[in-house]
Amino acid sequence: MVHIANILLPDFPLLLAPMEDVSDPPFRFVCKQNGADLMYSEFISSEGLIRDAIKSKQKLDFAEFERPFGIQIFGGDEEAMALSARIVDTVQPDLVDINFGCPVKKVVSKGAGAAVLKDVNAMVRLTAAVVKSTSLPVTVKTRLGWDDNSKNIEEVAERLQDVGIKALTIHGRTRAQLYKGEADWTLIAAVKNNPRIQIPIFGNGDIDSPQKALDYKNRFGVDGVMIGRAAIGYPWIFREIKHYLQTGQILPLPSIEERVEVCRTHARKSVEWKGEILGILEMRRHYSNYLKGLPHVKEFRTRLVTVKTLAEVDEILNEVKEKFAGIVLEREVIPLSEDQLPACAC
């Protein structure tokens, strides 16, 4: 078992990354059904929570079946971070996670997210403020460093552990890399192998297949992995990895019927949570991956991203299920296009 304070997770847990405009309750629902062990909210602005911003408050929503569940906050002001942690306390998730990894300009320009990697002392002060302000376990998600000349993750890990964090997730890229190039897990392994480090270390970046999950588990010795972009439109990644770790066998790809029904469930949950207009609009980023690999499916994808009601989505999905019934898909990994990428998967 892996322990985050009093939270018990299975050996080598699979974490669903907090992704802006993706990791909402409907998406988390289908990922939990397929084996995600620990999930997080979308990242939430500490300033937004304090101002009672509607969007920030809505991101606090979670259901009991999602537990263990973490709410992730970000910000660059100690007082605001401390106060937002106390607000998070009131909805009683299982942990509070601090985002020190988001590389997008609108976050970094406010001295938050990955910007804090340029000032480890500030990172420590912000973390200590949150730890002191909540009764919940505090964890951190961050990157290797700001750029290739400042990969300070080993120092960061020790100092954050010293002020009380209970787990650390490391994305194997610098802020300067954004999401480009291959994630470097060697420094993640260095943190895990540091005898001073006693908290769980989770790795993140480029896990997109069961084989890679096992390879990285064996090569880098991390306590678990966090999966982000590979789960968009493909929540089966969690069950496939678990099955492979347990048996060494690759599960068959989900059938057309299963793809359609999970996509339908996701769409219905999206409408239930956000209303029909916004729920249908925000589902559009998921359809391509749910239908990936189907021959001549462009017509259906085009229709799905233009319709405006759940009834129309259901009708098109029924057509897809009927037209492609019995087709056996081959496994392939196709990078997400720009319009499918989360605003921040950090």
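Figure 1. The structure holds zero disulfides, a disulfide being a pair of cysteine sulfur atoms within 2.5 Å. Cys-31 is in no disulfide, and its nearest cysteine sulfur, which belongs to Cys-263, is 13 Å away. Cys-263 is likewise in no disulfide, with the sulfur of Cys-31 as its nearest at 13 Å. Cys-31 is buried, at a relative accessible area of 0%, and Cys-263 is buried too, also at 0%. Buried means under 20% relative accessible area, exposed means over 50%, and partly exposed lies in between (1.4 Å probe, protein chains only). This is a predicted model, in which local features need a pLDDT of at least 70 and side-chain atom pairs count only at pLDDT 80 or more, while totals for chains, interfaces and linings use all residues. Residues are numbered from 1 along each chain as its sequence is written, and side-chain values use heavy atoms, with hydrogens and water left out.

**Figure 2. Confidence along the chain.** The chain averages a pLDDT of 91, and 94% of the residues score at least 70. pLDDT is the predictor's confidence in each residue, from 0 to 100. Over residues 333-340 the pLDDT stays under 50, and for this stretch the model has eleven contacts beyond four places in sequence. Contact means heavy atoms within 4.5 Å.

**Figure 3. Cys-102, an annotated position.** The unreviewed UniProt entry lists Cys-102 under "active site". UniProt positions are given in the numbering used here, feature names are shortened, and annotations may be inferred rather than shown by experiment. Cys-102 sits in the loop between β7 (95-100) and α5 (105-108). Helices (H or I, at least four residues) and strands (E, at least two) are DSSP runs, numbered from the N terminus. Is Cys-102 buried or exposed? Cys-102 is buried, since its relative accessible area is 0%.

Figure 4. Under "binding site", the unreviewed UniProt entry lists Gln-72, Lys-141, His-171, Gly-228 and Arg-229. Gln-72 is in strand β6 and is buried, with a relative accessible area of 0%. Not counting residues up to four places away in sequence, Gln-72 touches several residues, among them Pro-18, Ser-41, Phe-43, Asn-99 and Lys-141. The side chain of Gln-72 also makes a polar contact of 2.8 Å with the side chain of Asp-97. A polar contact is a pair of N or O atoms within 3.5 Å; within protein, one must be able to donate a hydrogen and the other to accept it, and residues adjacent in sequence count only if both atoms are side-chain atoms. Arg-229 lies in the loop between β11 (224-227) and α10 and is partly exposed, at 23% relative accessible area.

**Figure 5. Helix α6 and what covers it.** Helix α6 covers residues 120-133, and its 14 residues should span 20 Å at 1.5 Å a residue; the end C-alpha atoms are 20 Å apart, which agrees. The expected span is 1.5 Å times one less than the number of residues. Ten of the 14 residues of α6 are buried, so the helix is mostly covered. The buried residues include Val-120, Met-123, Leu-126 and Val-130. Among the elements that cover them are β6 (69-74), α4 (78-91), β8 (138-143) and α7 (153-162). Asp-119 caps the N-terminal end of α6, with a side-chain oxygen 3.3 Å from the backbone nitrogen of Asn-121.

**Figure 6. Ile-237 in helix α10.** Ile-237 is found in helix α10 (residues 237-247) and is buried, with a relative accessible area of 2%. Leaving aside neighbours within four places in sequence, Ile-237 is in contact with Asp-208, Ser-209, Ile-227, Ala-230 and Ala-231. Ile-237 and Leu-14 are 223 residues apart in sequence and 9.8 Å apart in space, C-alpha to C-alpha.

Figure 7. Most residues other than glycine have a negative phi, and most peptide bonds are trans. Ala-5 is not a glycine, yet it has a positive phi of about 55 degrees. Ala-5 lies in the loop between β1 (2-4) and β2 (7-9). Asp-21, also not a glycine, has a positive phi of about 65 degrees and lies in the loop between β3 (14-16) and α1 (25-33). The peptide bond from Arg-67 to Pro-68 is cis, with omega near -5 degrees, and Pro-68 is in the loop between α3 (54-58) and β6.
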